[in-house]
Amino acid sequence: MLGSGARVLVVGAGIIGRSLAYYLSKAGANVVLIDAGGGISCASRASLGVLTHYSGGFSGYGLFIRDSLAMHESLSYELLDATGIDVGWSRLGGIDLAFDEGDERKIQSLYEEGCGYGIALERLDPEQIFKIDASVSRSVRSGLFFFDDQRVDPLKLGRALLKAAIEAGTVVHWGERLLEVEHCAFHDIAVKTSCARRRADILILASGAWTRGLADQLGARINVRPVGGQYACFSGVSPRLVLRHKGFQLIPDDIGVRVGATTEGVGFIPQSTCQGESSLASIYMRTLKSSSSGRSIARGVGLRSKPKKGRPMIGPLREHKSVFVATGHYKNGVLMAPLTAKVISDWISFGDPRRDMGPFFPER
């Protein structure tokens, strides 16, 4: 237990890193946040900011998802008060759409599972869907409505978290890359970066898929890899809420509708692919009734960190208790950021994460 005043070095200024800096600074830690880039993280570029249902039930992962989802509304008001930035939080609701018999079987299975877990949902016929959202294609056969689906703007959330962290005392250094961990003892860490040598009581590696290479220096295997994702914006009528089909999501956008995101193995260099663009256009054309008049007018691409066995890596390393890892959130980085930061802040401040973190053990 370090209590307030702990020196914490956070590596990686994505949504997770910024959330860590904010919660730790609020708890009284002296936080330094470094990032090799200069602004928007690779993962945020691919995120639509949908905070959606999860059918993991009462597993450790499922409960973590639900508890973090429940934090977003109050966090949005907290950040608005602290920074004046509206992060775009809203409870839109969302519909999983079925267009064939295979889709309908999946929806029925999800409905039964969700009811067992106490998720607020409802089966919809086509006319009920059209009353809720008239933009949906008339070829839809049925849908499953999730009342509690939410959304934030990932870029605004990132800006708000960073501003709030700085106002709480975080010091940020852009364009600074961690090169080497020169010394690593309990609450005594020395690192070499591309700009300086730094000392800290606690080191947190929150650099997405790049965390694996950094942890290798300490003999720790963090089994996470980069996965590309791209989205596209189309002109035309915008949906009123979140629509989902075949693992893709469609959300209202200022210029029409945003569709995303693909899942593609592109290594560490985010890049748009013809196959990805075709998949996005196909989902757009099938899902919305006005799609024939729409056209792609904007696109984006990013990287997400995919973990082994599906669960994020959150917690200290086995042999180095003063080095924490926060990575592998994959498509749920925005969703899981508040609770990830709160748990690690409690762990560092009080020596107790205050929940069972066994399912998220980093070295697996």
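This is a predicted model: local features need pLDDT of at least 70, side-chain atom pairs count only at pLDDT 80 or more; totals for chains, interfaces and linings use all residues.
Reader: Which residues of α1 and α10 meet?

Author: On the α1 side they are I15, I16, S19, L20, Y23 and L24. On the α10 side they are G333, V334, A337, P338, T340, A341, K342, I344, S345 and I348. By class, this contact of α1 with α10 has eleven nonpolar, four polar and one charged residues.

Reader: What makes α4 oblique to α7?

Author: Helix α4 (residues 72–83) and helix α7 (residues 154–167) pack at an angle of about 60°. Roughly parallel requires an angle under 35 degrees, and roughly perpendicular begins at 65. The angle lies between those limits, and therefore α4 counts as oblique to α7. Their axes are 10 Å apart.

Reader: Is the crossing of α4 and α7 left-handed or right-handed, and which residues meet there?

Author: α4 and α7 cross in a left-handed manner. H72, L79, A82 and T83 in α4 meet L157, A160, L161, K163, A164 and E167 in α7. Six residues of the contact of α4 with α7 are nonpolar, two are polar and two are charged.

Reader: How do you know whether D201 is buried or exposed?

Author: D201 has a relative accessible area of 12%. Buried means under 20%, so D201 is buried. D201 sits in the loop between β11 (197–200) and β12 (202–205).

Reader: What does the side chain of D201 reach?

Author: It reaches the backbone nitrogen of R7 at 2.8 Å. Leaving aside residues up to four places away in sequence, D201 touches L2, A6, R7, H187, D188, I189 and S322.

Reader: Why does S207 count as buried?

Author: The relative accessibility of S207 is 15%. The cut-off for buried is under 20%, so S207 counts as buried. S207 is in the loop between β12 and α8 (211–216). Beyond residues up to four places away in sequence, S207 touches V11, G12 and L214.

Reader: What makes V325 buried?

Author: V325 has 0% relative accessibility. Since buried means under 20%, V325 counts as buried. V325 lies in strand β19 (residues 323–327). Not counting residues up to four places away in sequence, V325 touches L205, T211, I222, M313, I314, G315, L317, I344 and P362. G62 is 263 residues from V325 along the chain, and their C-alpha atoms are separated by 20 Å.

Reader: Why is R295 called exposed?

Author: R295 has 57% relative accessibility. Exposed means over 50%, so R295 counts as exposed. R295 lies in the loop between α9 and β17. Not counting residues up to four places away in sequence, R295 touches C233, F234, S235 and Y284.

Reader: How many residues apart in sequence are R295 and E182, and how far apart in space?

Author: R295 and E182 are 113 residues apart in sequence and 53 Å apart in space, C-alpha to C-alpha.

Reader: Why is K246 called partly exposed?

Author: K246 has a relative accessible area of 46%. Buried needs under 20% and exposed needs over 50%. The value is in between, so K246 is partly exposed. K246 lies in the loop between β14 (242–245) and β15 (248–253). K246 is not a glycine, yet has a positive phi of about 55°.

Reader: What makes K309 exposed?

Author: The relative accessible area of K309 is 61%. Exposed means over 50%, so K309 is exposed. K309 is placed in the loop between β17 (296–307) and β18 (313–316). Its phi is near 65°, a positive value in a residue other than glycine.

Reader: Where is the cis peptide bond that has omega of about -15°?

Author: That cis peptide bond joins G260 and A261. A261 is in the loop between β16 (256–260) and α9 (274–287).

Definitions and conventions: Residues are numbered from 1 along each chain as its sequence is written. Side-chain values use heavy atoms; hydrogens and water are left out. Contact means heavy atoms within 4.5 Å. Helices (H or I, at least four residues) and strands (E, at least two) are DSSP runs, numbered from the N terminus. Ala, Val, Leu, Ile, Met, Phe, Trp, Tyr, Cys and Pro count as nonpolar, Asp, Glu, Lys and Arg as charged, and the others, Gly among them, as polar. Buried means under 20% relative accessible area, exposed over 50%, partly exposed in between (1.4 Å probe, protein chains only). A polar contact is a pair of N or O atoms within 3.5 Å; within protein, one must be able to donate a hydrogen and the other to accept it, and residues adjacent in sequence count only if both atoms are side-chain atoms. Axes are lines fitted to C-alpha atoms, for helices over the stretch in contact, and angles run from 0 to 180 degrees between N-to-C directions. Angles under 35 degrees count as roughly parallel, over 145 as roughly antiparallel, 65 to 115 as roughly perpendicular and the rest as oblique. A crossing is left-handed if the near helix is turned anticlockwise from the far one by less than a right angle, and right-handed if clockwise.
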